[in-house]
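Let's take a friendly look at how charged side chains pair up in a protein. Have the sequence and the 3D view ready, and follow along point by point.

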Amino acid sequence: MLSGFRNFIMRGNVIDLAVGVVIGAAFTGLVTSFTDSFLKPVINLVGAGGDKVGGEWKIGDHSIITWGAFLNAAITFALTAAVLYFLVVLPMNKLAERRNRGVEPEPKPVTEDIRLLTEIRDALVAARVPAQAVRQDGDQPAER
């Protein structure tokens, strides 16, 4: 039971996923800080006045649509995805490509139907009597 769990944990996909989650969490904090420090003030310039947050629409007396907050979250997501791709995924793909450069791919295993056809062919060749065999040039052997 524990060896099965160990094999599951040691699979490449689980390790890659764990690394992606940890790096994603670390970069999310960095990108959120960037958007809060640099992009949010630019968004607040659009429609902000005084202590209000920019990028909002008032509907009626009590309803507010804060499209600036959504734009901030979308920018955070796009920057996080770009950083993960260019700093993690792309280098890992290049590394895997370099490792596999000189390696020949393993031949595909012979399927059951091909194996059976090969056995039938070999049995037919082995059962031939030389006097009954057809010559390579297509002529029939002389009759006795």
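This is a predicted model: local features need pLDDT of at least 70, side-chain atom pairs count only at pLDDT 80 or more; totals for chains, interfaces and linings use all residues.

Side chains of opposite charge can pair when their charged atoms come close. How many salt bridges does a search of the whole structure find? The search finds four.

**Salt bridges around Arg115**
- Arg115 pairs with Glu119, and their closest N and O atoms are 2.4 Å apart.
- Both Arg115 and Glu119 sit in helix H4, which covers residues 112–127.
- Four residues separate Arg115 and Glu119, which is about one turn of the helix.
- A network of salt bridges links Arg115 and Glu119 with Glu112.
- Arg115 is partly exposed, with 35% relative accessible area, and Glu119 is partly exposed too, with 43%.

**The pair Arg121 and Asp122**
- The side chains of Arg121 and Asp122 also form a salt bridge, at 3.1 Å from N to O.
- Arg121 has a relative accessible area of 49% and is partly exposed.
- Asp122 is partly exposed as well, at 40% relative accessibility.

Key. Residues are numbered from 1 along each chain as its sequence is written. Side-chain values use heavy atoms; hydrogens and water are left out. Helices (H or I, at least four residues) and strands (E, at least two) are DSSP runs, numbered from the N terminus. Buried means under 20% relative accessible area, exposed over 50%, partly exposed in between (1.4 Å probe, protein chains only).
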